[in-house]
Amino acid sequence: MAEQEMIKKVLLVFLPSESGVDGARSLYGEKEENPFFSWFNRSLRAIIKQSQFAIPPLSLMILSSVDVPGVEQSICDMRFEEFPFEPSVSDRLPHTHLELVHEKNAWDLVGISVQTGMAKKAFELADQLRARGISVVLGGAHVTLFPESCRPHADVLVHGEADDLWKELLTDLASGSIKPDYHSESFPDLGQSRPVQKRALIKSRYFTTNLIQTGRGCQYSCDFCNVHLLNGRALRRRAISDVVSEVARFHEHDRRIFFFVDDSINADPLYARELFEKLVPLKIRWFGQATTTLGQQRELLQTFADSGCQALLVGIESIEPASRSAHKKNQNRAGELVKAITTIREAGISLYGSFIYGLDGDTLDTPAAILDFVRATKLDVPGINILRPTPGTQVFERLREEGRLLFDPLDITSYRYSFGQEMLYRPKNMSLDAFVESYSALTQELFTVKNAVVRGLSAPRAKSAVMLFNLFYTHLYALSRHDLQHQWKKRGK
Ligand code: SF4
């Protein structure tokens, strides 16, 4: 038998989410009767896609970097391509897939990363594949939290972070002894060297492929978040030398912007300072995510600016003290936020500030307070979300016990994860009617073409990206308001 035939072919699949930049897909799906708006929406969507705001799925980059003799891995990013079921679709496939679809059931194993809001779609694809005789492995957050709901749709389940498990699984696949379950006893030690490769990516598709993770875990316990449940409360860090050499290696082949995907890059200030001081000579430009505590970490803030930080996403979540305490958002106080944001912007870093409206301490006065806050801080990109009680989080359990969920808590796949403008629960201090109306009015006031231009021009850095993002949001929030009204009418109130 030729050696080529012995190679096991594994395809890692990324499903398009219905949130953020990709989320527009679901909103555009609504039938637009006005031909002009229909044309406008189609054109804008094409522009957004061509702008390539999309970034690659980091988890699949990490898994596809695991080398096991006798196994060949590819990535199928379904934001850009259909799943390659049949040989006839080969002409639409990226080069890396071409030789792998010449026969039916060419894949020895297909891996799908499952997020709760996308579980239904993932299960549908898994069922189709298994009906064709293709083995399916499911992993990701939903498998870790709800393995029983995944069991009927998979041959293999990977529970927890897969870094070490994936090597074991691929080795078993190569030797024909794959098991139905792979569990990790503890979180992987990120201090071990695991260089990330980009060989399975089609780089030109993405806004950037320079994605770097420096660590995992979060010591906080915000009740609407599952990061501390999935990745643990202890901060685990990669070795600084590994991160620096990865940045240098990526930068050599791709001069585009870097994105540090950690939930909070300043959570361990000593580590962050040492790392970013070492990155200064590389002269990269980067985006990342941080907490507003950075405003009080003056030396680290300066190091971030010196090392090429252009913009940071900060989770403001709420400026209402009652909401922050109701949802255990305790790591910084509401009264300190304006000063912190002003300080970070004065250091020359633009800020995307993410809010959640509809928390348990919010009232109908909250939108006016958010508007004042955005004006006072000159926040470069505001993001306004509705609370999303994701199954598995503490807030989901609490709202379920209080009878406030608007979806069936027993059917976790009925939880719809979209752009975030989704009525999934009853707010505490206002009627649903009043909430929907006030939310719509808030986003209408914040996102206008004029505001987008003003914010872009006054951003400390990344001015054109800030303007483009605001313009994009002006359009997307308009679609979202329409979608929210549509959901509302469908419910019959
Ligand atoms: S929202 Fe941010 S700070 Fe809060 S638990 Fe999640 S990752 Fe940690």
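**Close-up views of a predicted model**

**Figure 1. The end of helix 16.** Helix 16 is followed by K378, a residue with a positive phi, near 55°. The model shown in this and the other views is predicted. Helix 16 itself covers residues 366–377.

Figure 2. The buried residues of helix 16 are T366, P367, I370, V374 and T377. These residues cover an arc of only 105° around the axis, which means that they are on the same side of helix 16. D372, R375 and A376 lie on the other side of helix 16 and are exposed. In an α-helix there are 3.6 residues a turn, so residues three or four places apart point the same way.

**Figure 3. I344 in helix 15.** I344 belongs to helix 15. This residue counts as buried because 25 C-beta neighbours lie inside 10 Å. Leaving out residues up to four places away in sequence, I344 touches L294, G295, L301, I349 and L351. A305 is 39 residues from I344 along the chain, and the C-alpha atoms of these two residues are 9.3 Å apart.

**Figure 4. The buried face of helix 12.** Helix 12 runs over residues 269–279, and A272, L275, F276 and L279 are buried in it. Seen down the axis of helix 12, these buried residues fall within an arc of 90°, so they line one face of the helix. The elements that cover them include helix 11 (240–253) and helix 13 (298–306).

**Figure 5. Strands 1 and 2.** Strand 1 (residues 8–14) runs parallel to strand 2, and seven bridges join the two. One of the residues in these strands, V13, has C76 in strand 2 as its bridge partner. Strand 2 (residues 71–77) is mostly covered, with five of its seven residues buried.

**Figure 6. Strand 5 and its two partners.** Strand 5 (residues 156–159) pairs with strand 4 (residues 136–139) in the parallel sense, over two bridges. Here V137 stands opposite V156 of strand 5. Strand 5 also pairs with strand 6 (residues 181–183), again in the parallel sense, over three bridges. V158 has Y182 in strand 6 as its bridge partner.

**Figure 7. The shell around the ligand.** The residues that surround the ligand are C218, Y220, S221, C222, C225, V227, H228, D263, G315 and Q331. By type, this shell divides into five nonpolar residues, four polar residues and one charged residue.

**Figure 8. The chain as a whole, for orientation.** The secondary structure of the chain amounts to 20 helices and 14 strands. Of its 493 residues, 42% are buried. Among the contacts in the chain with a separation of 6 or more, 73% are between residues 24 or more positions apart.

Note on methods. Residues numbered from 1 in each chain as written. Predicted model: local features only at pLDDT ≥ 70, side-chain atom pairs only at ≥ 80, totals over all residues. Near = placed C-beta within 6 Å. Nonpolar A, V, L, I, M, F, W, Y, C, P; charged D, E, K, R; others polar. Helix = DSSP H or I, 4+ residues; strand = E, 2+ residues; numbered from the N terminus. Expected span 1.5 Å × (residues − 1). Buried ≥ 20, exposed ≤ 12 C-beta atoms within 10 Å, placed from the backbone. Arc of directions from axis to C-beta. Contact = placed C-beta atoms within 7 Å. Pairing = 2+ DSSP bridges.
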